[in-house]
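Q: I am new to this protein and would like to learn how to read its structure. Could you guide me through it step by step?
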Amino acid sequence: MPMFILHAKDRPDALDLRLEHYAAHRAFLEEQDEIGKVSVIMSGPLQTDDGEQMIGSLLLLEAENREAIDKFVQDDPFTRENVWGEVSVTRFYRRRSRAGTCPCPEAGLHYISLKKAGLHKRPAFSI
């Protein structure tokens, strides 16, 4: 199933709005697996460099198609309540993940193919 990266930057001065609607946003993310259209693989807030303030969101999502993702973004409380300003969605193909954390079964096949070709030990090689 295709994966998508959702990168959303909050509108300027939206921290109070973010905090006000944070519980609704979290509940929305939690219910997605039950709904079955979009799976939230990973999510979390973007932060200022000092880690003191949330300034946006980053989500790794899985869905049948882009239309499901667009509906997800439209329905998220942070969109409805104008927390997010700039939002981008990009289809993503995961080639590499830390051992034991990749929910995509084909990742192991990529490593096996690379190992057979002798490419798995190249220090500058990134799959």
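Predicted model: local features only at pLDDT ≥ 70, side-chain atom pairs only at ≥ 80, totals over all residues.

Q: What is the phi of Asp-13 near?
A: Asp-13 has a phi near 60°, and that is a positive value in a residue other than glycine. Another residue to look at is Asn-82, whose phi is also positive and near 60°. Asn-82 belongs to the loop between helix 3 (77-80) and strand 4 (84-92).

Q: Is Asp-13 buried or exposed?
A: Relative accessibility is the value to read here. For Asp-13 it is 83%, so this residue counts as exposed. Asn-82 has 44% and therefore counts as partly exposed.

Q: Now the strands. In what order do the strands of the open sheet stand?
A: First the general idea: the strands of a sheet pair through backbone hydrogen bonds, in a parallel or an antiparallel way. In this model, 4 strands form an open sheet in the order 2-3-1-4, and the pairing is antiparallel. Strand 2 and strand 4 are at the edges; each has a single partner strand, so one side of each has no neighbour in the sheet. On average, neighbouring strands are turned by 15° against each other, direction ignored.

Q: How many bridges are there between strand 2 and strand 3?
A: Strand 2 (residues 38-47) and strand 3 (residues 54-63) are antiparallel and pair over 9 bridges.

Q: How many bridges join strand 1 to strand 3?
A: These two strands run antiparallel, and 7 bridges join them. Here Ile-5 has Leu-60 of strand 3 as its bridge partner, while His-7 is opposite Leu-58 in strand 3.

Q: Which strands does helix 1 lie across?
A: To place a helix, ask what it touches and which way it runs. Helix 1 lies across strand 1, strand 2, strand 3 and strand 4, and runs at about 160° to strand 2. Helix 2 (residues 66-75) also packs on the sheet, where it touches strand 1, strand 2, strand 3 and strand 4. The direction of helix 2 makes about 145° with that of strand 3.

Q: Which residues of the largest nonpolar core touch the most other members?
A: The general idea is that nonpolar side chains tend to be buried together in soluble globular proteins. In this model the largest nonpolar core has 17 residues, and those touching the most other members are Leu-6, Val-38, Leu-61, Ile-69 and Phe-72. At least two residues each come from strand 1, helix 1, strand 3, helix 2 and strand 4. Helix 2 gives the largest share, with 4 residues.

Q: Which residues is Ile-69 in contact with?
A: Leaving aside neighbours within four places in sequence, Ile-69 is in contact with Phe-4, Val-38, Leu-61, Ala-63 and Val-89. Val-38 and Leu-61 are also among the core residues with the most contacts to other members.

Q: Let me turn to charges. How many salt bridges does the count come to?
A: To read a salt bridge, look at the N and O atoms of the two side chains. The count comes to 4 salt bridges. One of them joins Asp-10 to Arg-18, with the closest N and O atoms 2.6 Å apart.

Q: Are Asp-10 and Arg-18 buried or exposed?
A: Buried means under 20% relative accessible area. Asp-10 has 13% relative accessibility, so this residue counts as buried. Arg-18 has 1% and counts as buried too.

Q: What separates Asp-70 and Arg-66 in helix 2?
A: They are 4 residues apart in helix 2, which means about one helical turn separates them. Asp-70 and Arg-66 form a salt bridge, and the closest N and O atoms are 2.8 Å apart. Asp-70 counts as partly exposed at 36% relative accessibility, and Arg-66 is partly exposed with a relative accessible area of 35%.

How values were computed
Residues numbered from 1 in each chain as written. Heavy atoms only, no water. Buried < 20%, exposed > 50% of the residue type's maximum accessible area, 1.4 Å probe, protein only. Pairing = 2+ DSSP bridges. Axes fitted to C-alpha atoms, helices over the stretch in contact; angles between N-to-C directions. Contact = heavy atoms within 4.5 Å. Core = buried A, V, L, I, M, F, W, Y, C linked by side-chain atoms within 4.5 Å.
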